[in-house]
Amino acid sequence: MRGVVLAAGQGQRLRPDTNDLPKTLLPVDGETTILDIALRNLASAGIDEVGVVVGYAAHAIEARLDAMRRRFGLTIELIHNDRVDWNNAYSLWHARDFYADGALLVNGDTVHPDSVEKTLIAADKDGISLATDAVKRLTDEAMKLRADASGAVSKITKNMPVESAFGEYIGVARIDSGIADALTSALERTWRNNPDLYYEDGFQLLADESPANLHAVSIGETEWVEVDDHADLAVAREVACRC
């Protein structure tokens, strides 16, 4: 199993900090960046080969590549997204060869402990397993899930009433090799339909085919944050030192 980190986004809400850096390279614990935490977590979970999808300010990640390989003992390959103005369904589609034999997927703007990756590996489910926070109070902006008692997911969207949601997908997933081809097809249909769509919209196409394709895996009471703006970055700097 490999790792895939999505790190191609522009991070416009974090400017001027992201004028010359992708947000995944913003420091959150001394010199430790968001990307460092993602790579450290994957290595801790037993992953030794990682593909990082780059786009905006890719040169900044390229400049640190050898140092990251040495620091985390990982084989790291950069996967180039040629359309940084498109959303992350297109970014994940670019990693299709990398997740073909199964992968742990990590959004490059999420700060969380390695227990999340280890929980997904231990769950050992077919299809796609979604790290799910069923404890945190949900907001309108959350990527919400509707799931049945077995954890089978029928809906994944931000556009869901909070009261009808099971929990929030935190941006970390396990992709089983058996669903890789179907995921690639769903992602391509998604970005061709609208390049502004998320990879979760591709996940929804799979859920529409069968709720058994997606599984909500609870991470329990875990500190984590998705870094979208400066307020999130401040929280990330509190969380990161405890990861």
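Before counting any partners, I noted the rule: two strands pair if DSSP finds at least two bridges between them. I also kept in mind that this is a predicted model.

**Entry: strand partners.** I started with strand S1 (residues 2-7) and found that 5 bridges join S1 to S4, with the two strands running parallel. For a landmark, I looked up Gly3, which stands opposite Val50 in S4. Next I checked strand S5 (residues 75-80): 6 bridges join S4 to S5, and this pair is parallel too. Here my landmark was Gly51, which stands opposite Glu77 in S5.

Entry: Is strand S4 largely enclosed or open? I took buried to mean under 20% relative accessible area. In S4 (residues 49-54), 5 of the 6 residues are buried, so the strand is largely enclosed by the rest of the structure.

**Entry: helix on helix.** How do H1 and H2 pack, by angle and by distance between axes? I reminded myself that two packed helices are described by those two quantities. Helix H1 (residues 34-44) packs on H2 at an angle of about 35°, and the axes are 11 Å apart. The crossing of this pair is right-handed. On the H1 side I listed Leu35, Asp36, Leu39, Arg40 and Ala43, which meet Ile61, Met68, Arg71 and Phe72 in H2. Sorted by class, this contact has 6 nonpolar and 3 charged residues, with no polar ones.

How values were computed:
Residues numbered from 1 in each chain as written. Predicted model: local features only at pLDDT ≥ 70, side-chain atom pairs only at ≥ 80, totals over all residues. Heavy atoms only, no water. Buried < 20%, exposed > 50% of the residue type's maximum accessible area, 1.4 Å probe, protein only. Helix = DSSP H or I, 4+ residues; strand = E, 2+ residues; numbered from the N terminus. Axes fitted to C-alpha atoms, helices over the stretch in contact; angles between N-to-C directions. Left-handed = near helix turned anticlockwise from the far one by under 90°. Contact = heavy atoms within 4.5 Å. Nonpolar A, V, L, I, M, F, W, Y, C, P; charged D, E, K, R; others polar.
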